[in-house]
Amino acid sequence: MSLVIREHARARLITDGPDPRRIPVELRCDPGDPRTVQIGLPGGVDWAFGRDLLEKGLRSPVTRGDIRVWPCGRAQLILELHSADGVAVFQFDRAPLIRFLRRVHDRFGSSAGTGGRDRTRTDAVSETPAGAPAPAASTTRT
């Protein structure tokens with residue numbers, strides 16, 4: 001049995017086209033680094049950042065490095081990812097994010113004490129959803 005907490009969700013990829021495209025995402029939190037959340041996007045693209053950023057973004061706009069998160073109404077959350085190739089904007093339903101964060105909190109406790117050291121990482125970019133910029137592969141930002 002894996003100790004990694006996983007939650008599958010769907011996000012709307014916001015583009016300049018007429019309709020947002022729904023894509024599958026996977027939220028992960030590893031016991032080796034419980035203060036970091038990883039979001040797996042199609043094509044093997046992963047972004048990792050401090051769990052506190054996601055928690056704060058559920059309540060009010062927050063920006064840290066290449067990532068912006070903010071609530072959108074009562075039931076949505078916007079996640080904006082910046083890379084050298086452009087910007088990708090995703091709209092999430094809050095329910096799976098809250099369910100994921102509760103499971104993480106129940107297993108690992110509070111995210112306090114991250115000290116502002118968040119990582120943004122992308123790995124193994126093999127393809128990017130249509131209309132989304134490809135984040136730079138194998139980069140780490142602190």
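Trainee: What makes the meeting of the Glu26 and Arg28 side chains a salt bridge?

Mentor: The side chains of Glu26 and Arg28 come to 2.7 Å, N to O, and a salt bridge requires a side-chain nitrogen of Lys or Arg within 4 Å of a carboxyl oxygen of Asp or Glu, so the pair qualifies. The model is predicted, so that local features need pLDDT of at least 70 and side-chain atom pairs count only at pLDDT 80 or more, while totals for chains, interfaces and linings use all residues. Residues are numbered from 1 along each chain as its sequence is written, and side-chain values use heavy atoms, with hydrogens and water left out. Both Glu26 and Arg28 are buried, and the structure holds ten salt bridges.

Trainee: How do you know that Asp52 is buried, and why is Lys56 called partly exposed?

Mentor: Buried means under 20% relative accessible area, exposed over 50%, and partly exposed in between, with a 1.4 Å probe and protein chains only. Asp52, at 8%, is therefore buried, whereas Lys56, at 36%, is partly exposed. The side chains of Asp52 and Lys56 meet in a salt bridge at 3.7 Å, N to O, and because they are four residues apart in helix H1 (residues 51-57), about one helical turn separates them.

Trainee: Which parts of the chain does the pair of Asp52 and Arg64 link?

Mentor: The closest N and O atoms of Asp52 and Arg64 are 3.3 Å apart, and the two form a salt bridge. This pair links distant parts of the chain, with Asp52 in helix H1 and Arg64 in strand E5, twelve residues apart. Arg64 has a relative accessible area of 22% and is partly exposed. Elsewhere, salt bridges that share partners join Arg6, Glu26, Arg28 and Asp46 into one network.

Trainee: Why are strands E4 and E5 said to stand at the edges?

Mentor: Helices (H or I, at least four residues) and strands (E, at least two) are DSSP runs numbered from the N terminus, and two strands pair if DSSP finds at least two bridges between them. The open sheet has eight strands in the order E4-E3-E2-E1-E8-E7-E6-E5, with antiparallel pairing. Strand E4 (45-50) and strand E5 (62-64) each have a single partner strand, so one side of each is left without a neighbour in the sheet.

Trainee: What makes strands E1 and E8 a pair?

Mentor: Four bridges join strand E1 (residues 5-14) to strand E8 (residues 86-93), and since at least two are needed, these strands pair in the sense of the definition.

Trainee: Why does Thr36 count as buried, and what does its side chain contact?

Mentor: Thr36, found in strand E3, counts as buried because its relative accessibility is 11%. Its side chain makes a polar contact (N or O atoms within 3.5 Å, one able to donate a hydrogen and the other to accept it within protein, and residues adjacent in sequence counting only if both atoms are side-chain atoms) with the side chain of Asp33, at 2.9 Å.
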